[in-house]
Amino acid sequence: MEGNSSGEPAADQLMTTTSRHQFGDDPDEPAVAISVIENMKEEYGLFVWPCSIVLAEYVWQQRLRFSGATVVELGAGTSLPGLVAAKVGAHVTLTDDANKLEVLDNMRRVCHLNKLHCNILGLTWGVWDASIFTLCPRIILGADVLYDNDAFDDLFATVTFLLQNSPGSVFITTYHNRRVP
Ligand SMILES: C[S@@+](CC[C@H](N)C(=O)[O-])C[C@H]1O[C@@H](n2cnc3c(N)ncnc32)[C@H](O)[C@@H]1O
C-alpha cells in the first residue's frame, strides 16, 4: 500500500475494501465467488448496493438461461450481476455513465481481479453515442437504476432503444423502495 509523505496510507486507500460474494448451496465450497473492490466515498457506482446482490443471486439461480447469452448491464457500478453472468458463460458488456471514469476504471480492476473478460463501455442514459448502436443484448440488467426520478426518462429511452434494437430481448431490474411510509 502506498502512503503519503508522512508514511500514512492515503485517505482514499483507507476507504477501499474488497468484498467477497459467494453463490451456490455449499458455503464452504461455493460454486462461484466474486471479489468486488468498493470505495466508501460519495460515488454511487463504487458501492455494492443491496439490489445488486439480489440481481446477482437471480442471475446465479437462472444460470442456464444466462449461459451463452449476450448481456448488457446498465448503471453497473461495481457490476456484481454482470460478473456472475460472465462467470456462468454470458458475453457481458458492463456499462455506466460515460463521465464516471473512476467507476469505469474500477470495473476494469474488478474484471481483472476475477479473471473475467467483459467489455467495459461508458453509456450515459439518453445519450446516443455510436457505441450503443453496436449493442444487441438478449438480456439487459439494471440493479438499483430507478433511484432518481429525474433520470427515469433517459433510462427508459435507453432501455427502449436496446429492446427495439434486439427483438426478443428483456430488461431485468431490481428496485429498492426507499420511500418512508
Ligand atoms: C444506486 S447505483 C447502483 C450501482 C449498481 N448497479 C449496484 O446496484 O450496486 C446507480 C448507478 O447508476 C449509474 N448512473 C446514474 N446515472 C446514470 C446515467 N445518467 N447514465 C448511466 N449510468 C448512470 C451510477 O453511476 C451508478 O453506478
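Here is a short walk through this structure, from its overall build down to one pair of strands.

First, some housekeeping: what you see is a predicted model, where local features need pLDDT of at least 70, side-chain atom pairs count only at pLDDT 80 or more, and totals for chains, interfaces and linings use all residues. Numbering starts from 1 along each chain as its sequence is written.

Let's begin with the parts. The protein has six helices and seven strands; these are DSSP runs numbered from the N terminus, with at least four residues of H or I for a helix and at least two of E for a strand. Along the sequence they follow the pattern α-β-β-α-α-β-α-β-α-β-β-α-β. The radius of gyration is 17 Å, close to the 16 Å that the globule rule gives for 181 residues, so the protein is as compact as a globular protein of that length. (That radius is taken over C-alpha atoms, and the rule is 2.2 Å times the number of residues to the power 0.38.) The C-alpha atoms fill a box of roughly 55 × 40 × 40 Å along the principal axes.

Now zoom in on strand 6 (residues 139-143) and strand 7 (residues 170-174), which pair in the parallel sense over five bridges; pairing takes at least two DSSP bridges. Here isoleucine 139 stands opposite valine 170 in strand 7. To get from strand 6 to strand 7, the chain passes through helix 6 (residues 152-165), making a right-handed β-α-β crossover. Right-handed means that, with the strands pointing away from the viewer, the path from the first strand over the helix to the second runs clockwise.
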